[in-house]
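Here is a short briefing on one protein model.

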Amino acid sequence: DEVTDTEDNDEEDLGVMDEQRSVILHLLSQLKLGMDLTRVVLPTFILEKRSLLEMYANFMAHPDLFVSITAGVTPEDRIIRFVEYYLTAFHEGRKGAVAKKPYNPIIGEAFHCSWDVPKDKIKSIRTNSSSTVAKEQAKIQDLEPDRDQRGCYKVRFVAEQVSHHPPVSGFYSECKERNMCVNAHVWTKSKFMGMSIGVSMVGEGVLYLVEHGEEYVFTLPSAYARSILTVPWVELGGKVGINCAKTGYSATVTFHTKPFYGGKVHSSTGSTRVLNIFHVVCRLTGYPELNNDVCWKYSEESQSNKQSPHKWLNFYFKKTDPSLKKKKSSCRYLWRHVTSALKVGNIDTATEHKHLLEERQRAEERQRAATNMPWEPKYFIKEVIMVF
């Protein structure tokens, strides 16, 4: 019963208004450098019209690249495909150029969606062996169509807020036909940095390619909201890693933030290396998290350089079940009054409904503490890892 999602969450690229600037100045006067903002109530007018859980779903806005990962013939090809997908995931996660903050999810809140990916859109296999190509493509064609008569792969996504303090989200996506899935948890830690706010995404994700018996463990970059008193904008920064223990391949991606002097906003450059144990296989140059061309430069002369046409990426609208808007744990049900108020510019009404949601969450948390009944997530299980 899923239909193409038509929710209009576009954000206007307006700067901070004069009357809003005084509110921000008053808030900043109470903060100290490095202060944790987890429990600080931020003004409603800086909010996006969607939950953080729905923002995570937008990381899958190019599901064709996601499905293409497991079609790689060699371990080297597969990790390069994963890096290409990883670098394209971030620009669709933002709505507009001006930095705004998604809603902090309520514990137990969830978001579901899916994408249909035409099988003829899966990226062609990069190899010099025509027999290998024919064999792999035949394998793809023999796969069960999963009850979809249109020749599409189905990619499904679910996210849930599994903890309130600390604020931890879990999300999971899978393509059953291609025997692949990704499982991740993120703890968002924000801190005050003067004229900027930094958000660290603590946690990790694991991509499972069941057909190949491979697991790729990856981390996430930090995000920074700059110029919060004028026209706020966001950029990514820090070094992240992608590692596959089975194949010995790994990749490091460094997101470079705009220097204090010079440079351009909205154009975070970066560098990427793909390694096999200690040997650098190739490097990537360009603008990794934007819609520009990037170029893979291989260390071996026999390997030609490969251009990745990011600006020609296919965008796929997600599909949602309309009945979920009436489900009490759904993002869009919980935040429906806040979203509708923000759409018409009624900040006071949005603030009131946001406050009611937060107070209800605090009351339920106090009740669980009094009865010694910890919260049990619906879709995720907490694992305790012993480190020796």
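Buried means under 20% relative accessible area, exposed means over 50%, and partly exposed lies in between (1.4 Å probe, protein chains only). Helices (H or I, at least four residues) and strands (E, at least two) are DSSP runs, numbered from the N terminus. By these terms, 13 of the 14 residues of α4 are buried, so this helix is largely enclosed by the rest of the structure.

This is a predicted model: local features need pLDDT of at least 70, side-chain atom pairs count only at pLDDT 80 or more, and totals for chains, interfaces and linings use all residues. Residues are numbered from 1 along each chain as its sequence is written, and side-chain values use heavy atoms, with hydrogens and water left out.

**Helices**

- Helix α4 covers residues 75–88 and has 14 residues.
- From first C-alpha to last, α4 reaches 20 Å, close to the 20 Å expected at 1.5 Å a residue. The expected span is 1.5 Å times one less than the number of residues in the helix.
- Helix α7 spans residues 336–343, and its buried residues include Val338, Thr339, Ala341 and Leu342.
- Seen down the axis of α7, the buried residues fall within an arc of 165°, so they line one face of the helix. The arc is that of the directions from the helix axis to the C-beta atoms.
- The cover over the buried residues of α7 includes β2 (47–51), β3 (101–103) and α8. Contact here means heavy atoms within 4.5 Å.
- Gly345 follows α7 and has a positive phi, near 80°.

**Backbone geometry**

- Most residues other than glycine have a negative phi, and most peptide bonds are trans.
- His165 and Pro166 are joined by a cis peptide bond, with omega at about 0°.
- Pro166 sits in the loop between β5 (152–163) and β6 (168–175).
- Asn179 has a positive phi, near 55°, and is not a glycine. The loop between β6 and β7 (180–192) holds Asn179.
- Asn179 is partly exposed, at 40% relative accessibility.
- Asn372 also has a positive phi, near 55°. Its place is in the segment after α8 (347–371).
- Asn372 is exposed, at 65% relative accessibility.

**Cysteines**

- A disulfide is a pair of cysteine sulfur atoms within 2.5 Å. By this rule the count is zero.
- Cys113 is in no disulfide: the nearest cysteine sulfur, that of Cys331, is 9.9 Å away.
- Cys113 is buried, with a relative accessible area of 2%.
- Cys244 is buried, with a relative accessible area of 2%.

**Buried positions and their neighbours**

- Which strand holds Val281? Val281 is in β14, residues 279–286.
- Val281 is buried, with a relative accessible area of 7%.
- Val281 and Glu76 are 205 residues apart along the chain, yet their C-alpha atoms are separated by 8.3 Å.
- Is Ser196 buried or exposed? Ser196 is buried, with a relative accessible area of 9%.
- Ser196 lies in the loop between β7 and β8 (197–209).
- Leaving out residues up to four places away in sequence, Ser196 touches Lys191, Ala225, Arg226 and Ile228.
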